[in-house]
Amino acid sequence: MSAPTGGWVGRILRVDLTAGDIYSAATAAYLPDYVGGKGIATRIAWDELAPGTGPYSPENLLMFMTGPFSGTLAPTSGKGTVCSVSPRTLPDPWFTYSGMGGNWTPELKYAGFDGIVVRGAADEPLYLCVQDGRAELRPADDLWGKDVFAVQELLKERHGEAAQVICIGPAGEHRVVSATIHHRQKNCAGMAGFGAVMGAKNLKAIVIRGTGAVQIADPAGFVEACKRVHRLVHAGPTETPVRMKMGPTNIPCAHACPFGCATRSHDVALRLRGGKEKRKNISVMCNGEAYEGGWNWYEYPTPAMEEQYAGELRTRAVEGLGKRGGDELQLLIETLGLSGWSYLTLRCWFLACLDHGVGEIEGLELRPEELDFWLELFRMIAYREGLGDLLADGLLPACDRLELPEVVKKTAHWLEPMWGFPSHRDGRACEPQPSPLWIFDMLHWAIDSRDPLASHHQTGYIHCWFPPHYEGGSPLVDRAKLEATFTRVFGDPGILEPGFAHLDAKTRVTKWFDDRAQIKDSLLLCDWVFPRVLNGFDSAQELEAADDYYGDVDAEASMLAPLTGLDITTADLDLAGERIRNLDRALQIRNSGRSREVDATAEWVFEYPEKSDGTRLDRETFDRILDSYYDQRGWDRKTGWPTRVRLEALGLADVADALELLSETGSSGMGDIRPGPEERE
Amino acid sequence: MPDAKRDASSVVVHKKTLCRACRICELVCSATHDGACSAHLSRIHIVADDFGFSFPATICAQCKSADCYGACPRADRALRIDPDTGTRYIDESECDGCGSCAEACPLPRSPIWSKPAGEAAVFFKCDLCRDIEGGPQCVEMCPWDALVHKQRKQR
C-alpha cells in the first residue's frame with residue numbers, strides 16, 4: 001500500500017524519564033495495520049511491555065495517542081486515548097485504555113506528533129513541554145501538590161493561553177487508583193487510574209503548543225464526506241430516534257463535536273483556590289445528575305423487584321445533594337484529580353453499610369446524606385488519610401482489609417462487579433438493558449480489560465430504538481422497520497428477539513460491535529456516536545416516512561479514505577478492528593494470564609435478573625454463549641486463546657508464534673526485547 | 001476602482017452566546033482554503049475559554065470603511081474588493097506579506113493573519129468563501145446556528 005498523504009503527522013514522541021532522553025520514531029512502522037490510538041499503543045505494548053510490569057514500575061509505558069482523525073473536521077475527533085498498565089484493574093493490574101475529549105489531542109497533532117510514549121520515572125517532579133516538533137522536560141517542583149485547575153492556570157500563564165494542558169492533581173501524586181489525568185474541566189482519562197501512573201513517574205503535566213496542521217490528501221472529497229457524516233450524527237445517539245435540538249447549555253466535550261450529548265452546564269459561584277470567589281460554568285456529565293438526586297441507577301424499579309431479585313444486595317434510594325451541593329462535591333472531586341464515578345458506588349455502599357449496622361469505619365462516622373461528610377471523605381482519599389487511605393486502593397481491596405459483615409462486602413462487589421469497575425449497562429446494578437441487549441454487553445464485559453465503554457455505549461443507543469413492547473422502548477419505532485434495518489446490516493433480524501435464540505447471530509453482532517469499538521478508539525472517534533447503524537430523524541413525520549432506520553456503517557471509511565489518500569474500505573477497518581482486538585487479547589494472555597477461566601468470572605452478575613424484564617442466566621447457558629462467541633472470534637473454546645489460523649489471517653503470525661512458545665515453554669519470548677524503536681531521531 | 005464606502009459587503013456574524021467552541025468552523029475553513037486542518041490557517045478564530053459561558057470569535061467584519069483596502073501599498077492591490085459583491089479579500093498570490101492591512105484593521109483583535117509561503121509570508125483573511133459553491137462554509141457547518149451570513153441589504 002502506498003504511503004498516506006494525510007491524517008497522520010508522522011512521528012511518535014518517545015520520552016524516557018529515567019534517562020532524561022527524548023527522541024521520536026516514525027509512525028509509519030505501525031501503518032496502516034494498527035490505524036492509530038489504541039491500535040498502535042497495543043502493538044507498542046506487545047513489542048515492549050514485559051509480563052509482570054506493574055503500574056508503578058518505571059518500565060511501565062504510559063502512552064498518549066491520537067488517531068488519523070484527530071485534529072480534523074471528522075465529527076467528534078477531539079477524543080484521545082491513554083494506554084498503560086492500570087493500578088485499578090482486578091484481580092491484577094493489567095494493560096488497559098482510557099479515553100479523553102477536549103482540545104489536547106488535536107494540539108498534539110498540530111505540534112507534529114501522533115502520540116507520546118513515556119517510559120521510566122523521574123527522580124524529581126517534572127513536566128513535559130512539547131512545542132512544534134520539539135520537546136523538553138522542565139522542573140515541576142512549583143506545580144507539585146497543586147490541584148488540576150491551579151496547574152492548568154499556571155502553565156497557561158507560562159506557555160500562553162492557547163497552550164493545551166493535561167495534568168494530575170493531588171490524587172495522582174498519592175497514587176489513588178481512581179486518579180485521573182485531567183484536561184480543561186470535565187475532560188479526563190478517568191476510569192483506569194492513569195493519574196496514579198503519571199504520579200508514579202513524577203510527571204505532573206504535559207503542555208502542548210502546536211501551530212502546524214493535519215494535511216488532507218483529497219480536501220474536497222474529505223470536506224464533502226465530513227459534511228455528510230456531520231448531518232448524519234448531528235444529534236447524539238443518547239437521543240431517542242427523533243432528534244431534539246440541544247440547548248445552549250450543552251458544551252461538547254471534544255473538539256469537532258457537533259453536539260453536546262450528555263453534558264449540561266451549570267452556572268455556579270465556585271470557590272477556587274484560597275477562597276477566591278469566581279463565577280464560572282461547570283459542565284456536568286450524565287452521571288453528574290446522580291450527585292443532585294432524582295436519578296438512582298443502583299436499584300430495581302420497584303421495592304417488590306428489589307426484594308425478589310436483589311434480595312440482601314438491594315441498595316436503597318438516596319436523596320441527592322441538591323444542585324448546589326452536587327456541584328460543589330463534583331468540583332472538589334475534579335479539583336483533586338479524582339474520578340467522579342467513585343461517588344456513585346460509594347454512596348450506595350455506605351447506605352448498605354448503615355442498613356447492616358455498620359455506622360463507622362476506621363473511626364469515620366458514616367453520614368452519606370450530608371455534603372460535608374463527602375467533601376471530607378474525598379479529601380481523605382486524595383491525600384490517603386484514615387479510611388481514605390484504604391479506599392484509595394479501590395473499594396474491593398479496601399473491603400478485603402476491613403472487618404465487615406459479608407453482605408456488606410458482597411454489596412461492594414455487586415456495585416463494582418467486574419475487573420474493579422462500576423456496574424454499567426449490564427442491566428443489573430446499573431441502568432436497565434432488556435434482553436437481548438444485556439447478552440451483548442455481558443460478552444463485552446467478559447472479554448474486555450475494563451468496563452467496556454467503547455462497545456457497550458452502542459448497545460445503549462440501540463436500546464433507545466427499541467419498540468414499545470420493550471421496557472423503555474420508543475412508541476414511535478416500528479418493529480418491522482427496525483428488523484429490516486438489522487437485516488440490512490447484520491443479515492438477521494433475529495438478534496432483536498429476547499432470549500438466547502439466534503445465538504450465533506447475536507454473538508456475531510457482538511463481535512462486530514467490539515471490533516468497531518477498537519476502531520473508534522484507534523481513529524479516534526467518540527464511542528457514543530459511532531458506528532452509525534441507525535440514523536437519527538429530525539421529526540416524527542420523517543421517522544414515519546422512512547423505509548427503514550439505517551444510518552451509515554461506512555461513515556468512518558468514507559472519511560478516512562479521502563483524508564489519508566489510502567484505499568481504505570469498511571472491510572479493511574473491520575479487519576483492523578479485529579486485528580487490534582486479537583492483539584489486545586494476546587497481550588492480556590501473555591502479560592496477565594487471561595484465559596477462559598478469567599472471562600467466566602464475569603458470569604455471576606448475570607445470574608441476577610435483568611432489572612426491567614427479569615431475564616437471567618445460568619452457568620450452562622453462559623458457557624453456551626461464550627462458546628458461540630469464541631467460535632465467531634476464532635478463539636479456542638477451551639482456553640479462550642486466539643487460534644493460529646485466525647491470527648495468521650489477521651497478519652499476526654509473529655503473535656501466533658509467541659503464543660505457541662508461551663504455551664509450550666511458559667516463556668514470553670521477551671528476553672531480547674528492544675527498549676524502543678531502532679530507528680530514531 | 002470600486003468605491004469602498006459605497007460597496008458594502010455581506011458578512012459572517014458570530015454570536016458568542018450561541019457558540020459552543022466546538023471549533024468546526026476553524027476546521028472547515030482551513031480544510032476548504034488550505035487543504036489542511038488547523039486553527040492557524042483558519043480565517044475565523046474562536047476564543048475557547050473553557051470556563052466561560054460565551055465564546056467570542058475573531059472574524060473579519062467586512063467593514064464599510066475598509067481601512068485594510070486603503071492600507072495595501074501595492075498599486076494593483078493584493079487586498080481587493082469584489083466589484084459585484086463588495087467582499088473584501090486578499091489575493092494571496094499577489095500579497096507581499098508587508099502586513100499593512102493587518103495594522104490598519106480597526107478591530108480590537110485583527111482578523112488578518114499571516115502564514116508562511118515559501119521563503120516569505122502572505123496574509124490571509126475571511127473571503128466569505130467567494131470561490132466556493134454554497135457560500136461561507138463555517139455558516140453551513142455550524143451546528144449551533146452561532147454563525148449567520150448577513151446579506152448586504154440586512155446590514
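What pLDDT does chain A average, and what share of the residues score at least 70? Chain A averages a pLDDT of 89, and 87% of the residues score at least 70. These are confidence values, as this is a predicted model. One stretch to treat with care is residues 270-275 of chain A, where the pLDDT is below 50. Beyond near neighbours in sequence, that stretch has 8 contacts in the model. For chain B, the mean pLDDT is 91, with 93% of its residues at 70 or more. The model as a whole scores ipTM 0.96 and pTM 0.95.

## Where the chains meet

Let us turn to the contact between the two chains. Chain A brings 32 residues to the contact, and chain B brings 25 residues. On the side of chain A that touches chain B, at least two residues each come from strand E13 (214-215), helix H6 (219-232) and strand E15 (276-284). Helix H6(A) gives the most to this side, with 5 residues. By class, the residues of the side of chain A that touches chain B are 15 nonpolar, 13 polar and 4 charged.

The two chains also share strand pairing. E13(A) pairs with strand E2 of chain B, residues 36-37, in the antiparallel sense over 2 bridges. Within this pairing, you can find Val214(A) opposite Cys37(B) in E2(B). As a reminder, strands of a sheet pair through backbone hydrogen bonds, either parallel or antiparallel.

## Two sheets in chain A

Now for the sheets within chain A. One open sheet is formed by 6 strands in the order E2-E1-E6-E3-E4-E5 (chain A), with mixed pairing. Its edge strands are E2 (21-26) and E5 (95-100) of chain A, each of which pairs on one side only. From one strand to the next, the twist of this sheet averages 20°.

Strand E1(A), residues 11-16, and E2(A) are antiparallel and pair over 6 bridges. Along this pairing, Arg14(A) has Tyr23(A) in E2(A) as its bridge partner, while Ile12(A) stands opposite Ala25(A) in E2(A).

Another open sheet of chain A has 6 strands in the order E8-E7-E12-E9-E10-E11, again with mixed pairing. Here E8 (134-139) and E11 (187-189) of chain A stand at the edges, each with a single partner strand, so one side of each is left without a neighbour in the sheet. Neighbouring strands of this sheet are turned by 20° against each other on average, direction ignored. Inside the order, strand E9(A), residues 164-167, and strand E10(A), residues 181-183, run antiparallel and are joined by 2 bridges. In that pairing, Cys167(A) stands opposite His182(A) in E10(A).

| Helix pair | Angle between axes | Axis separation |
|---|---|---|
| H21(A) (570-592) and H25(A) (653-665) | about 20° | 11 Å apart |
| H15(A) (437-447) and H16(A) (453-464) | roughly 175° | within 9 Å |

Take H21(A) and H25(A) to begin with. They pack at an angle of about 20° and are therefore roughly parallel to each other. The crossing of H21(A) and H25(A) is left-handed. From H21(A), the contact is made by Leu583(A), Ala586(A), Ile589(A) and Arg590(A). From H25(A), Val655(A), Ala658(A), Leu659(A) and Leu662(A) take part. The residues of the contact of H21(A) with H25(A) divide into 7 nonpolar, no polar and 1 charged.

How do H15(A) and H16(A) lie, and at what angle do their axes cross? Their axes come within 9 Å and cross at roughly 175°. That angle makes H15(A) roughly antiparallel to H16(A). On the H15(A) side, Leu437(A), Phe440(A), Asp441(A) and His444(A) meet residues of H16(A). The H16(A) side consists of Ser455(A), His456(A), Thr459(A), Ile462(A) and His463(A). By class, the contact of H15(A) with H16(A) has 3 nonpolar, 5 polar and 1 charged residues.

Note on methods:
Residues numbered from 1 in each chain as written. Chains lettered and ligands numbered in written order. Predicted model: local features only at pLDDT ≥ 70, side-chain atom pairs only at ≥ 80, totals over all residues. pLDDT = per-residue confidence, 0-100. Contact = placed C-beta atoms within 7 Å. Helix = DSSP H or I, 4+ residues; strand = E, 2+ residues; numbered from the N terminus. Nonpolar A, V, L, I, M, F, W, Y, C, P; charged D, E, K, R; others polar. Pairing = 2+ DSSP bridges. Axes fitted to C-alpha atoms, helices over the stretch in contact; angles between N-to-C directions. Parallel < 35°, antiparallel > 145°, perpendicular 65-115°, else oblique. Left-handed = near helix turned anticlockwise from the far one by under 90°.
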